Amino acid sequence: MPLAPVEDKVTITELVENPYPLYRRLRSEAPVCAVKAVGRVMLTKASDTRAVKDDPDTWSSDDPNTPMKRAFQAHTLMRKDGEEHKAERGAMMPTFSPRNLKTLWGPAYETFAGRYLDRLPRDEVVDLFPTLAGPLAARILAEILGLPEASDDDMQFWSQALIDGAGNFGWQDEPFERVDRAHMAMNALLEKNVDRYRAEPDQTALSVMINADDPIAWSQIVANIKIAIGGGINEPRDALLTVLYGLLTNPDQLDEVKRSGNWGAAFEEAVRWVAPIQVSARRATRDTEIRGIDLPKDTVVMTIQASANHDEDLFEDGHLFNALRAKNPHQSFGSGPHHCMGAHLARMMLGKIMLPMIFDRFPNMELVDPSSVVWRGFGFRGPLNLPVRLN
Amino acid sequence: MPKVTFIDADGTETTVAAKIGDSVMQTAMAHGIDGITAECGGAMACATCHAYVADDWADKVGPAGETEADMLDFAACEVKPTSRLSCQIVVAENLDGLIVYLPEHQV
C-alpha cells in the first residue's frame, strides 16, 4: 500500500495563524497526510483520531524526539503508556474525585470567580484575558495542586514557560533557559510545602500524592504537578474566552441559552469550535495502516482533534459556533487512557459556575470590536484578547 | 455468544453478540452503538458510558460500586437506581439477553 502523501507548501506560520483551511482540505483530499512543516503525519478525520487514541497498544504516547522531556526535566505521564502511566495518573486522581469537585473545588472556584468579577470595572473597555480568564484559571489551579502561595503571575509564567519549552521544536536556548528558571522556583515551593502537607494532609494534589500509602517517586510527583501547571491554565482560560466570544457574537443563541440555562452546552460548543488543545502525538508501535495508507513502525502521527471537531461526517457547519447543537461528539478532552483529567473540573467551573455568574452580573456585556480579537495557535489555540464593556 | 440489547432514548433497539469478558461499553463501541461515548476508554474517569439496566436485569447485574457511583454524579442525564457505567459491567454467560437503556446525552 502507498505511504502517506506529502503536503509541503503550508508553513508553520500559516498553521499558527489559522490551521482550519488546511484541515478542511486534508479532510476531503488527504485525511492521512505527511505535513512537512510539522514533520508528522496528520490525521484529520474524527473516526481516525478517535480510533488511534482508543488503541494505545498500537499507538504509544511515547514520542521520543520532542523537546518535552528537556523542558519538563522529566519523562512525564503524558508520554507514558500502560501500567506506568496508570500508576502516575492514579496517584493524582483522588484530588479530582467527584466528591472533591463538589465539596471543595466547586465552592472554592465560586468564591474566587466572584472576587475576580468584583474587581472588573464597569462601563469601560476591559480585556478579559489578563483581567479574568488567565488569573482565575491560575488561582484555582494553584489551590487544587497545593501551591496556594504561588501568585497568579507565577503560575501563568511557569505554565507558559513549560508550554514554550515543550513546544521548542527549534531547540532554541531561550525557552529552555526560561523554563529552567521556572523549575527552580517551582521546585523550591514544592519542597517547602511537603512538610506542611505531611503534618496536615488535605485533598490537594501535592498532599494526596505525598501521603499515599504507596507513594510514587518524588521526581514523578514533581513531574505530575508540573504537567498540571503546564496543562491546566491555558485550557480553561482559552475555553472561557472562546465561549464568551461565541455567545457575544451570536446574541440569538445567548438569549436562548439564558432562557434554557443550558450553559454546559455552550461550553461544550466552545471547546468543539476551537479546541484549546488542538493536536496530540502518537507513535506507531508496529507497522500499521489507516485508510489504505501504510504507516510503518515508529511513524509519529498527529491526531488533529481540532479537525475532528469540524468533521463534516459529524457536524453540520462545523466552522460555525452553535451553542444549540443537538449532538456534540467533540474530542477536545481526548479519549482513551489519557482522557483529560480536568474535564469534569472544567465543565463544572465554566459550564456550571462561571457562565451563569458572569451573565447574571453583567447581563448587557458587549464585545467591543469582534474583528479586533486575535486568534493564535497551532498546538494550543485561543483568543489573545477579548475586549468587552461590562454593564 | 451472549446477546446484549441496547435501547436508545428514541426507543430504537439494537441487539448484538457480545464477547464474554468484554464490558458492555466495549460491546457497544465494537458495534458502533451511538448512545455510548466512552471518552476515557474504560478507566472510570468519565461518565460518558452511562446506561440504565432494564429493571428485570438489575438484580443480576448488581448496583454501581462506590467509585462508580461517585463518578455517576457527572453523568449528563438523570441518574436512577438502575444507572451504571457500562464500562463496569462485564459480559458473562449469565447476562445473555441483557437489556440496557441509553440516556439521551452522554455529555
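## Sheet in chain A

Val125(A) lies opposite Arg389(A), a residue of S13(A), in this predicted model. S5(A) and S13(A), residues 387–389, run antiparallel and share 3 bridges; strands are DSSP runs of E with at least two residues, helices are runs of H or I with at least four, and pairing requires at least two DSSP bridges.

The open sheet has 3 strands in the order S5-S13-S10 of chain A, paired antiparallel.

## Interface of chains A and B

Chain A and chain B contribute 17 residues each to the contact. About 1400 Å² is buried between them, 52% of it from carbon and sulfur atoms (accessible area lost on being put together, 1.4 Å probe, summed over both parts).

The rule finds 3 salt bridges across this interface (side-chain nitrogen of Lys or Arg within 4 Å of a carboxyl oxygen of Asp or Glu). One joins Lys102(A) to Asp73(B) at 2.7 Å, N to O.

## Basis

Residues are numbered from 1 along each chain as written, and chains are lettered from A and ligands numbered from 1 in written order. Local features need pLDDT of at least 70, side-chain atom pairs count only at 80 or more, totals for chains, interfaces and linings use all residues, and side-chain values use heavy atoms, without hydrogens and water.

Notes:
Contact means heavy atoms within 4.5 Å. Buried area is the accessible area (1.4 Å probe) that two parts lose on being put together, summed over both.
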